[in-house]
Amino acid sequence: MVSNVENPQVQQKIDRVDQLRAEMDEVKAMVEEWKGKMDRLVSEKETAREKLASAKAQLRSMKEKTEARSQKIEELQSQLSSTVADRETLAKELKTTMSVAEIAKADADKMVAQYKANTKAAHELLKAIVNHVKWQSQREALEEVHARGFDLSVELENVKRLKAEAKKLAYP
């Protein structure tokens, strides 16, 4: 080394080699650091890919669930529309039935009133017929008594007079 020290060119070259080795060591350190960063980035990239795949799977699952729910909602809306239509139809039928029932009730009330009037008239007619038959029977009985030679007309006149007086006394 002593002989090399004397030669300045050699010394410069040695210094230069040392300097280049130091730079090379720095470059190796930087390369190692970059390799570490690249490894970390590759790891992060893989993690991100896994997360992305997981997110895609979740998204696909959510999309399927959403489609299923959407279909279920459409089915329920269809059922609701059908139920509303059925309800409206039933409401119309109920109105019609109530109208028919009111008309039938009015007709029944008219028929009952007519039956009552007819019954009353028949009852009055029956009373008149009974009275007529009664008077007819009494008349025939009197005619028969007359035909046998009995005269009860004076007595009948007395009975009628007595009845009239009794009525006057009972109902002044």
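The stops below go from confidence to a pair of charged residues, then to a surface patch and a pocket.

Begin by colouring the chain by pLDDT, as this is a predicted model. The mean over the chain is 88, and 95% of the residues reach 70 or more. Select helix α1 (residues 2-6), where confidence is lowest at a mean of 53, and then α2, where confidence is highest at 91.

Side chains of opposite charge can pair when their charged atoms come close. With the cut-off of 4 Å between a side-chain nitrogen and a carboxyl oxygen, the count comes to five salt bridges.

Next, select L125, I129 and V133, which form a nonpolar patch on the surface and together have about 270 Å² of accessible area. Of these, V133 lies in helix α2, which covers residues 8-147.

For the last stop, select K134, W135, Q138, R139, L142, L156, V159, K160 and K163, the residues that line the largest pocket. The elements giving two or more residues to this lining are α2 and α3 (153-170), and α2 gives the most, with five residues. Colour the selection by residue type, and the lining divides into four nonpolar, one polar and four charged residues. The volume of this largest pocket is about 240 Å³.

Key. Residues numbered from 1 in each chain as written. Predicted model: local features only at pLDDT ≥ 70, side-chain atom pairs only at ≥ 80, totals over all residues. Heavy atoms only, no water. Patch = residues over 30% accessible without salt bridge, like charges linked within 9 Å, V, L, I, M, F, W, Y side chains within 5 Å. Areas by Shrake-Rupley, 256 points an atom, 1.4 Å probe, with all protein chains shown as cover. Helix = DSSP H or I, 4+ residues; strand = E, 2+ residues; numbered from the N terminus. pLDDT = per-residue confidence, 0-100. 1 Å grid on protein atoms, 1.4 Å probe; cavity = no way out; pocket = protein on both sides within 12 Å on 5 of 7 lines; lining within 4 Å. Points joined across faces, edges and corners; volume = space filled by probe spheres on them. Nonpolar A, V, L, I, M, F, W, Y, C, P; charged D, E, K, R; others polar.
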